[in-house]
Amino acid sequence: MQQFKEVLALFLGFGGWILAYVSLENHYWKESTPDGSVILTPGVYENLWMSCATDSMGVYDCWNFPSLFILP
């Protein structure tokens, strides 16, 4: 029974690492399109570390958040 618990803990630990990696590498946590607004960017994408906006030509403009304590 002890070996089963150790193997289960090992798999749960690896699963946690995989989920953390996938969530941190995902650049599209919050996605919005400003339909009917004055903003000319067709898309805004945000995740934990940065915020990106695209214009009508498909050019990305990204900036990092200066601190995690001042997120919107």
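Buried residues make up 12% of the 72 residues in the chain, and the model they belong to is a predicted one.

Student: Which residues does the "transmembrane region" annotation cover?

Tutor: According to the UniProt record, which is an unreviewed entry, the annotation covers residues 7-24. In the model that span is 100% helix and 0% strand, and its end C-alpha atoms lie 26 Å apart.

Student: Switching to rings, how many aromatic pairs does a search of the whole structure find?

Tutor: The search finds one aromatic pair. The partners are Phe 14 and Trp 17, and because their ring planes stand at 70°, with the centres 5.5 Å apart, the pair counts as edge-to-face.

Student: Where do Phe 14 and Trp 17 lie?

Tutor: Both are in helix 1 (residues 2-25), where they are three residues apart, which is about one turn of the helix.

Student: Is Trp 17 buried or exposed?

Tutor: Trp 17 is exposed, with a relative accessible area of 62%, whereas Phe 14 is partly exposed, with a value of 39%.

Student: OK, on to the strands. In which sense do strand 3 and strand 4 pair?

Tutor: Strand 3 (residues 50-54) and strand 4 (residues 60-64) pair in the antiparallel sense, over five bridges. The two strands form a hairpin with five residues between them, and in the turn Gly 58 has a positive phi of about 90°.

Student: What is the bridge partner of Ser 51?

Tutor: Ser 51, which is found in strand 3, has Trp 63 in strand 4 as its bridge partner.

Student: Is Ser 51 buried or exposed?

Tutor: Ser 51 has a relative accessible area of 2%, and it counts as buried because that value falls under the 20% cut-off.

Student: Then which residues is Ser 51 in contact with?

Tutor: Leaving aside neighbours within four places in sequence, Ser 51 is in contact with Val 44, Tyr 45 and Glu 46, and also with Asp 61, Cys 62, Trp 63 and Phe 65.

Student: Cys 62 came up there; which cysteines form a disulfide?

Tutor: Cys 52 and Cys 62 form a disulfide, with their sulfur atoms 2.1 Å apart, and a search of the whole structure finds one such link. Cys 52 lies in strand 3 and Cys 62 in strand 4, so the pair ties together parts that are ten residues apart in sequence. The link of Cys 52 and Cys 62 is right-handed, with 110° about the S-S bond.

Student: Is Cys 52 buried or exposed?

Tutor: Cys 52 is buried, with a relative accessible area of 9%, while Cys 62 is partly exposed, with a relative accessible area of 39%.

Student: Last one: what share of the contacts with a separation of 6 or more is between residues 24 or more positions apart?

Tutor: Residues 24 or more positions apart account for 6% of those contacts in the chain.

Definitions and conventions: Residues numbered from 1 in each chain as written. Predicted model: local features only at pLDDT ≥ 70, side-chain atom pairs only at ≥ 80, totals over all residues. Heavy atoms only, no water. UniProt positions renumbered as here; feature names shortened; annotations may be inferred. Helix = DSSP H or I, 4+ residues; strand = E, 2+ residues; numbered from the N terminus. Pairing = 2+ DSSP bridges. Phe/Tyr/Trp six-rings, centres within 6.5 Å; stacked < 30°, edge-to-face > 60°. Buried < 20%, exposed > 50% of the residue type's maximum accessible area, 1.4 Å probe, protein only. Contact = heavy atoms within 4.5 Å. Disulfide = S-S within 2.5 Å.
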